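Please look over the sequence and the fold shown here.

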Amino acid sequence: MREGQHVLINIPRGASAQKALLRVQASARRLGGYCADIYFQELNVTGSWAEARQAGGYRYSASQADSETPEWVAFGNVDLKVVHGLTDSGVRYLNVYVKHLGRSGLVVGGLLGEDDHADVITPPEACAKHLALVDNLEGDFRAPAVRSEAVASLA
C-alpha cells in the first residue's frame, strides 16, 4: 500500500547492502486511479551471489521491453524470476517470483522474509477508509482494544 523503495529479500537478514549475499530491492509506484494500484517499476538484484553470476548484479525496468522469455536464475540455493506484466489499462509492471528461500541456510530479511512489514501494508492517510457505525452516542461506548490478526511462518 506504500510507494517507494522496498527491500523484498535481504540475505542474511540485517546485512548492509554492501555485505549482503542476496538483496532484492524494488521501486513501487501508484499508477492508477485507486489506492491499491501500486506496481513494481524497477527491480535491483545485488549482493555477492548476484555478482558471482553477473558483474554489477541484475537491473530490471518495467519500461524496458522483455526481449526474452523469463527464466529462473539461481542465487545460491534461492531461485528468482522477474516477469514483465501489462494491465488491461496499459500499465507496465514487474512481477517477482522466488523459490526456496528456506533453503538459503540463513535467516532471510526483507518483506518476503522475516522483517516487519506493517508500515508498507498500512495505507497512507489519503487512502484510509473511515466508517462510523454509530454517531452521537451518550456515554463511553468504546470498542475493546482487540483486533484480529493472521500470522504465517516459512517453516
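A search of the whole structure finds one disulfide, a term that stands for a pair of cysteine sulfur atoms within 2.5 Å. Its partners are Cys35 and Cys127, with sulfur atoms 2.0 Å apart. The link of Cys35 and Cys127 is left-handed, at -90° about the S-S bond. Cys35 sits in the loop between strand E2 (22-30) and strand E3 (38-46), and Cys127 in the segment after helix H2 (118-121), so the pair ties together parts that are 92 residues apart in sequence.

This is a predicted model, in which local features need pLDDT of at least 70, side-chain atom pairs count only at pLDDT 80 or more, and totals for chains, interfaces and linings use all residues. Residues are numbered from 1 along each chain as its sequence is written, and side-chain values use heavy atoms, with hydrogens and water left out.

**Layout**

The protein chain has two helices and seven strands. From the N terminus on, the order is β-β-β-α-β-β-β-β-α. Helices (H or I, at least four residues) and strands (E, at least two) are DSSP runs, numbered from the N terminus.

The protein chain exposes about 10700 Å², and carbon and sulfur atoms supply 50% of it. Accessible areas come from the Shrake-Rupley method with a 1.4 Å probe; for residues, only the protein chains shown count as cover. Of the 155 residues in the protein chain, 31% are buried. Buried means under 20% relative accessible area, exposed over 50%, and partly exposed in between (1.4 Å probe, protein chains only).

Contact means heavy atoms within 4.5 Å. Among contacts in the protein chain between residues at least 6 apart in sequence, 44% join residues at least 24 apart.

**Core**

The largest nonpolar core has 21 residues. Such a core is a set of buried Ala, Val, Leu, Ile, Met, Phe, Trp, Tyr and Cys residues joined through side-chain atoms within 4.5 Å. Those with the most contacts inside it are Ile9, Ile11, Leu22, Val24, Leu43, Val45 and Phe75. The elements that give two or more residues to this core include strand E1 (4-11), helix H1 (48-53) and strand E7 (92-99). In soluble globular proteins, nonpolar side chains tend to be buried together.

What does Ile9 touch, not counting residues up to four places away in sequence? Among its contacts are Leu22, Val24, Val98, Leu101 and Val108.

**Single residues**

| Residue | State | Relative accessible area |
|---|---|---|
| Cys35 | partly exposed | 26% |
| Cys127 | buried | 13% |
| Ser16 | partly exposed | 32% |
| His6 | buried | 10% |
| Ser104 | buried | 9% |

His6 is in strand E1. The side chain of His6 reaches the backbone oxygen of Arg2 at 2.9 Å. That is a polar contact (a pair of N or O atoms within 3.5 Å; within protein, one must be able to donate a hydrogen and the other to accept it, and residues adjacent in sequence count only if both atoms are side-chain atoms). Not counting residues up to four places away in sequence, His6 also touches Val24, Gln25, Ala26, Ala28, Leu111 and Val120.

Ser104 lies in the loop between E7 and H2. A polar atom of the Ser104 side chain is 3.1 Å from the backbone oxygen of Leu106. Leaving aside neighbours within four places in sequence, Ser104 is in contact with Ile11, Trp49 and Val78.

Ser16 is in the loop between E1 and E2. The C-alpha atoms of Ser16 and Gly47 are separated by 9.7 Å, with the two residues 31 apart along the chain.
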